[in-house]
Amino acid sequence: MTTAIAKVSIVVSKGSLEGIYPALIMANGARAEGIEANLFFTFFGLDAVSRKRHEHIKVATVGNPGLHVATLVGALPGMPGLMTSYLEHKLGKLDIPPIPEFIEMIADSGAGIYGCQASCDLFGLTEDDLIDQVKAIITVGEFYALAAGGQIIFT
Amino acid sequence: MPIATYAGHDVIVNDEGFFADPYQWTEEMAPYIAKAIGIDELTLRHWQIIRFMRDQYRAKGTGPTVRILGKTSGVSIKELYQLFPSGPAKTAAKIAGIPKPRGCI
């Protein structure tokens, strides 16, 4: 018999809507199965837990072949906002919450939410700049210690 | 499929331990199912969720996910995880004798 997964630690490195949602769905789904979960936000992924930015996450309309929008069209002013509204509408219909509410829900489920020290140093962010659900800003070494004994997923 | 015995009654369960036939379930079985999966005592709050699961299953043919439980059961997500640490929707469905709710949220 295969061993069940007992813990996952998910690294979120991208700051686009399509870069953030999959990680949130996986973390939330892990908790729903009784699996311990940690989310570690690094580089542009920090936008998802930034007070200033977490309500303004946009889908990438350029350099995103999966969207099937021509690059020049995707680059038109207003396109990221328009495509984001459209996707948010579709997500809402499936009862998938907006990113800020989703992260709050995941924190309430008992998952650990962390910011990356090196990225916070790079962007000049402190804990005051991050949402309340972030437990701490931690180093990569501390992340590995938290992740010990479980699976690590990089997104 | 495996047979489990709760409160002196044999019931058919699937490989994950969920009831194959929700109509084999009775309330007196619930504390025994709970104990078998690590919940020693069912409080009134547990029962509120168990009955909610049964009602939802009866009405919709499927149990609610954690997201729906948090929005409609009157118990917050935080408390749901305190009541059912191994996953509220999944554990409550098992204790309530209904199939495991499917859904990604």
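Let's start in chain B of this predicted model, with helix H5(B): eight of its eight residues are buried, so the helix is largely enclosed by the rest of the structure. The residues in question are B:Pro88, B:Ala89, B:Lys90, B:Thr91, B:Ala92, B:Ala93, B:Lys94 and B:Ile95. A residue gets the label "buried" when 20 or more other C-beta atoms lie within 10 Å of its own, so the two lysines on that list, B:Lys90 and B:Lys94, carry the label as well.

What does the covering of H5(B) include? From chain B there are helix H1 (30-36), H2, H3 and H4, and from chain A there is H1. Just after H5(B) comes B:Gly97, with a positive phi of about 75°.

Helix H2 of chain B (residues 44-60) packs against H5(B) with the axes 9 Å apart and an angle of about 80° between them. That makes H2(B) roughly perpendicular to H5(B). On the H2(B) side the contact involves B:Ile49, B:Ile50 and B:Met53, which meet B:Ala92, B:Ala93 and B:Ile95 of H5(B). Sort this contact by class and you get six nonpolar residues, with no polar and no charged ones.

Now for the place where the chains meet. Here 14 residues of chain B are in contact with twelve residues of chain A. On the chain B side, the elements that give two or more residues are helix H3 (66-72), helix H4 (77-83) and, once again, helix H5 (88-95). How does this side of chain B divide by class? It has seven nonpolar, four polar and three charged residues.

Crossing over to chain A, you'll find an open sheet of five strands, in the order E4-E3-E2-E1-E5, with parallel pairing. Strand E4 (136-138) and strand E5 (151-154) stand at the edges of the sheet; each has a single partner strand, so one side of each is left without a neighbour there. On average, neighbouring strands are turned by 30° against each other, direction ignored.

Towards E4(A), A:Gly115 has A:Ile137 as its bridge partner, while A:Cys116 stands opposite A:Ile138. To get from E3(A) to E4(A), the chain crosses through helix H5 of chain A (residues 117-123), and this β-α-β crossover is right-handed. Is E3(A) itself mostly buried or exposed? Four of its five residues are buried, so E3(A) is largely enclosed by the rest of the structure.

Helices pack on this sheet too. Helix H6 of chain A (residues 140-147) touches E1, E2, E3, E4 and E5 of chain A, and its direction makes about 165° with that of E2(A). Helix H1 of chain A (residues 17-32) touches strand E1 (7-12), strand E2 (36-41) and E5 of chain A, and its direction makes about 165° with that of E1(A). H1 of chain A is also part of what covers the buried residues of H5(B).

A:Ile131 sits in the loop between H5 and E4 of chain A. With 17 C-beta neighbours inside 10 Å, A:Ile131 counts as partly exposed. Which residues does A:Ile131 touch, not counting residues up to four places away in sequence? They are A:Val49, A:Arg51, A:His54 and A:Ile103. A:Ala48 is 83 residues from A:Ile131 along the chain, with 9.1 Å separating their C-alpha atoms.

A:Leu87, the other one, belongs to helix H3 of chain A (residues 79-93). A:Leu87 has 16 C-beta neighbours inside 10 Å, so A:Leu87 counts as partly exposed. Leaving aside neighbours within four places in sequence, A:Leu87 is in contact with A:Leu17 and A:Val59. The C-alpha atoms of A:Leu87 and A:Leu17 are separated by 9.2 Å, with the two residues 70 apart along the chain.

Conventions: Residues are numbered from 1 along each chain as its sequence is written. Chains are lettered from A and ligands numbered from 1 in the order in which they are written. This is a predicted model: local features need pLDDT of at least 70, side-chain atom pairs count only at pLDDT 80 or more; totals for chains, interfaces and linings use all residues. Two strands pair if DSSP finds at least two bridges between them. Axes are lines fitted to C-alpha atoms, for helices over the stretch in contact, and angles run from 0 to 180 degrees between N-to-C directions. Two residues are in contact if their C-beta atoms, placed from the backbone, lie within 7 Å. A residue is buried if 20 or more other C-beta atoms lie within 10 Å of its own, exposed if 12 or fewer, and partly exposed in between; C-beta atoms are placed from the backbone. A crossover is right-handed if, with the strands pointing away from the viewer, the path from the first strand over the helix to the second runs clockwise. Ala, Val, Leu, Ile, Met, Phe, Trp, Tyr, Cys and Pro count as nonpolar, Asp, Glu, Lys and Arg as charged, and the others, Gly among them, as polar. Angles under 35 degrees count as roughly parallel, over 145 as roughly antiparallel, 65 to 115 as roughly perpendicular and the rest as oblique.
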